[in-house]
Amino acid sequence: MKYPSNHSPKSGQNQSAPSFGLARILSKAGLCSRTVAAEWIRAGRVEVDGCRMHDPEARFALSGPKICVDGIEVTASARQVLLLHKPRGVLTTRQDEKGRATVYDLLPKSPWLAPVGRLDQASSGLLLFSNDPYWAQQLLDPDQHVAKTYHVQIRPPLSASAAAQLAAGSVLDGEHCLPMQIRELRCGGKTQWLEFILQEGRNRQIRRLLAACDKEVLRLIRVAVGNLPLGELRPGEWRWLRSDEEDLLRQTPSSHDIPRFPPE
């Protein structure tokens with residue numbers, strides 16, 4: 001039995017959940033690029049609920065169907081979420097054509113996990129991974145305004161008035177940024193540690209805003225998502241998130257409850 005190319009989800013699946021092309025689902029699961037996924041599907045290597053697929057654009061919900069590649073299941077019924085302390089210099093990608101270190105060099109080989117958001121190569125800190133792409137998509141939805149907290153070391157220091165203006169009235173790519181919280185953690189004369197709490201996740205947002213103020217970013221560490229802190233993990237270490245901790249991700253953070261990083 002094969003699904004038709006215009007397959008719609010089974011009646012038992014959540015009809016209100018958005019559907020996506022099969023190749024996109026595989027890419028969202030962190031397995032490969034969408035182009036490679038399409039090649040796998042056309043070659044008959046992918047099955048959905050036991051049915052071999054050949055149409056990369058056949059649509060399914062992100063969670064629900066059992067998807068296998070070469071007979072190996074790449075979706076799981078139980079959601080798992082992993083918290084990694086991403087080190088500086090490591091890429092948030094599964095493979096790098098230049099052979100550079102990636103986050104997947106640090107993670108367990110099973111189950112399949114996809115990053116929930118990104119941290120650029122020069123940044124470090126809290127990075128989540130999950131085997132549930134639908135849950136991850138909801139967490140990343142811009143309308144959810146899930147807060148992320150960063151501790152940033154810059155040179156030279158930013159004045160209090162400039163920080164207040166940056167927090168309230170920043171513009172990137174011709175669009176106003178959502179208001180953010182910025183406070184000084186400590187200042188050593190030539191360098192300064194600041195805390196940023198953002199309600200959105202634009203590409204390299206903090207670095208670009210500070211560059212426009214002629215400030216050099218020396219270190220940038222994500223220390224919390226929502227009210228979930230990075231905790232005691234050292235760079236390169238990871239742990240599984242408890243189910244009760246998932247609620248913390250959507251809570252408004254209290255900056256004074258988040259440990260300063262690095263500790264004084």
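**View 1. Helices and strands that line the largest pocket.** Helix 3 (133-140), helix 5 (205-212), strand 10 (148-155) and strand 15 (216-225) each contribute at least two residues to the lining of the largest pocket. Helix 5 gives the most, with three residues. The model shown is predicted.

**View 2. Centre and make-up of the largest pocket.** The largest pocket holds about 610 Å³ of space. Its lining counts 26 residues. Nearest the pocket centre lie Arg-118, Tyr-150, Gly-201, Arg-202 and Arg-222. Sorted by class, the lining has nine charged, seven polar and ten nonpolar residues.

**View 3. Glu-246 and its contacts.** Glu-246 sits in the segment after strand 17 (238-240). The relative accessible area of Glu-246 is 14%, under the 20% cut-off, so the residue counts as buried. Leaving out residues up to four places away in sequence, Glu-246 touches Arg-79, Val-81, Trp-135 and Leu-241.

**View 4. The protein chain around these sites.** Five helices and 17 strands make up the count of helices and strands in the protein chain. The chain has 264 residues, and 47% of them are buried. Take the contacts between residues at least 6 apart in sequence: 67% of them join residues at least 24 apart. The protein chain exposes about 13,600 Å².

Technical notes:
Residues are numbered from 1 along each chain as its sequence is written. This is a predicted model: local features need pLDDT of at least 70, side-chain atom pairs count only at pLDDT 80 or more; totals for chains, interfaces and linings use all residues. Side-chain values use heavy atoms; hydrogens and water are left out. On a 1 Å grid over the protein atoms alone, a cavity is a set of points where a 1.4 Å probe fits but cannot get out, and a pocket is an open set with protein on both sides within 12 Å along at least five of seven lines; lining residues have an atom within 4 Å of a point. Grid points are joined across faces, edges and corners, and a volume is the space filled by probe spheres set on the points. Helices (H or I, at least four residues) and strands (E, at least two) are DSSP runs, numbered from the N terminus. Ala, Val, Leu, Ile, Met, Phe, Trp, Tyr, Cys and Pro count as nonpolar, Asp, Glu, Lys and Arg as charged, and the others, Gly among them, as polar. Buried means under 20% relative accessible area, exposed over 50%, partly exposed in between (1.4 Å probe, protein chains only). Contact means heavy atoms within 4.5 Å. Accessible areas come from the Shrake-Rupley method with a 1.4 Å probe; for residues, only the protein chains shown count as cover.
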